[in-house]
Amino acid sequence: MSATTTWNGSTERPVDIRSKVTVSIDGEEVSMLEGDTILDACNAAGKDTPTICYGPTVTPVNACRVCVVEVEGSRTLVPSCSRPIEEGMVVTTDSDKVDHSRKMVLEFLATSSDVSQAEDIQGWLGDYGADLDRYDPETTERMTDEVKIEDDLYVRAYDRCVLCYKCVEACGEDAQWTFAIAMSGRGFNNRIATEFNVTLPDSACVYCGNCVAVCPTNALQFKTEFDLRKMADWRPEDQTVTRTVCSYCGVGCNLDLHVQDNQIVKVESPSDHSITNGNLCVKGRFGYQYVQNRPSDS
Ligand code: SF4
Ligand code: SF4
Ligand code: FES
């Protein structure tokens, strides 16, 4: 827990009064704090646990189930991202049952959505030996919505959406409290939509881009990135990322500027920042053109 500086300049270290809880992760005893999740304990034990609907800044809604583990005494597999630990809990992460379940979840997602730009998911597909060819394309249905390009800030490509709810949470109670998007439809028609499916500019969206920041598949992406990818010129390996402070207001949000060929192409914010938790407003997220559009450029 980090130290904080008070109004009179003294430094205080907040005391964490949560009790200690000891759990077993694959036979290793891990000491955690009350309220931590099984995923926290797995991370502390150095286990690589796949997660899709979990994010450090959003409330997990247990939508994907890729993080499941075995818990002694539990009849079914348990989502590690949301289940709090209990004293003496015995957790197994490396069993055939866990591997098989994670593999199936990944196969279902990758055969119903385009996950080609989701680096983590691509890695886990390999790790868990997912075999997409065993699914008949006739029996799997993929969302085929056209990419929604409604402004110059970000695009929505819902054929990449894995329905993880993170954007809905970020737009709602977890960050923005705008509620411009929600889950709509049923079954294969389940999708993220604005109210009455209006365009973003006609919706309640305030363009904070906090949905873009949490999307795990690039279904939501900066228009700059979308355009560069279309021209086969999106080159993360050639980009620099510079941390700076937003100059628009006194909140002083941290910005991570992704720069390619001397142009800002994407703006993120560190999710571990205690004030903003990775969230920005429209100015910090998208108002960077003034940096590079000087009168002499026109
Ligand atoms: S658009 Fe992205 S964040 Fe939103 S539900 Fe789909 S995959 Fe998740
Ligand atoms: S991102 Fe918005 S809230 Fe944060 S410092 Fe910039 S203008 Fe202020
Ligand atoms: S990451 Fe735990 S249920 Fe999705």
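## Surroundings of the two ligands

In this predicted model, ten named positions matter for ligand 2: Cys246, Tyr248, Cys249, Val251, Gly252, Cys253, Leu280, Cys281, Lys283 and Gly284 surround the ligand. Sorted by class, this shell holds 7 nonpolar residues, 2 polar ones and 1 charged one.

Ligand 1 has 14 residues around it, and the nearest of them are Cys161, Cys164, Cys167, Cys215 and Ala219. Its shell consists of 12 nonpolar residues, 1 polar residue and 1 charged residue.

## The three-stranded sheet

Three strands make an open sheet in the order β12-β13-β14, and their pairing is antiparallel. β12 (240–245) and β14 (263–268) are the edge strands; each has a single partner strand, so one side of each is left without a neighbour in the sheet. From one strand to the next, the twist averages 35°.

Strand β13 covers residues 254–260 and is joined to β14 by 5 bridges in the antiparallel sense. One pair of bridge partners is valine 259 and isoleucine 264, the latter in β14.

## The five-stranded sheet

A second open sheet contains 5 strands in the order β4-β3-β7-β5-β6, and here the pairing is mixed. The edges are formed by β4 (28–33) and β6, each of which pairs on one side only.

Strand β5 (residues 68–71) runs antiparallel to strand β6 (residues 78–79), and 2 bridges join them. Valine 69 has valine 78 of β6 as its bridge partner, while valine 68 stands opposite proline 79, also in β6. The hairpin of β5 and β6 has 6 residues between the strands, and in this hairpin glycine 73 takes a positive phi near 90°.

β5 is also joined by 2 bridges to strand β7 (residues 90–92), again in an antiparallel arrangement. Opposite valine 71 stands valine 91 in β7. In a regular strand, side chains alternate between the two faces of the sheet.

Helix α2 (residues 96–112) lies across β5 and β7. The helix runs at about 155° to β5.

## An exposed loop residue

Aspartate 131 is found in the loop between α3 (119–127) and β8 (154–156). Is this aspartate 131 buried or exposed? Aspartate 131 counts as exposed because it has 10 C-beta neighbours inside 10 Å, and a residue with 12 or fewer is placed in that class.

Serine 247 is 116 residues away from aspartate 131 along the chain, and their C-alpha atoms are separated by 48 Å.

## The chain as a whole

The secondary structure of the protein chain comes to 8 helices and 14 strands. Along its principal axes, the C-alpha trace spans about 65 × 65 × 40 Å.

Of the 298 residues in the protein chain, 35% are buried. Contacts can also be sorted by how far apart the two residues are in sequence. Among contacts in the protein chain between residues at least 6 apart in sequence, 54% join residues that are at least 24 apart.

Note on methods:
Residues are numbered from 1 along each chain as its sequence is written. Chains are lettered from A and ligands numbered from 1 in the order in which they are written. This is a predicted model: local features need pLDDT of at least 70, side-chain atom pairs count only at pLDDT 80 or more; totals for chains, interfaces and linings use all residues. A residue is near a molecule or strand if its C-beta atom, placed from the backbone, lies within 6 Å of it. Ala, Val, Leu, Ile, Met, Phe, Trp, Tyr, Cys and Pro count as nonpolar, Asp, Glu, Lys and Arg as charged, and the others, Gly among them, as polar. Two strands pair if DSSP finds at least two bridges between them. Helices (H or I, at least four residues) and strands (E, at least two) are DSSP runs, numbered from the N terminus. Axes are lines fitted to C-alpha atoms, for helices over the stretch in contact, and angles run from 0 to 180 degrees between N-to-C directions. A residue is buried if 20 or more other C-beta atoms lie within 10 Å of its own, exposed if 12 or fewer, and partly exposed in between; C-beta atoms are placed from the backbone. Two residues are in contact if their C-beta atoms, placed from the backbone, lie within 7 Å.
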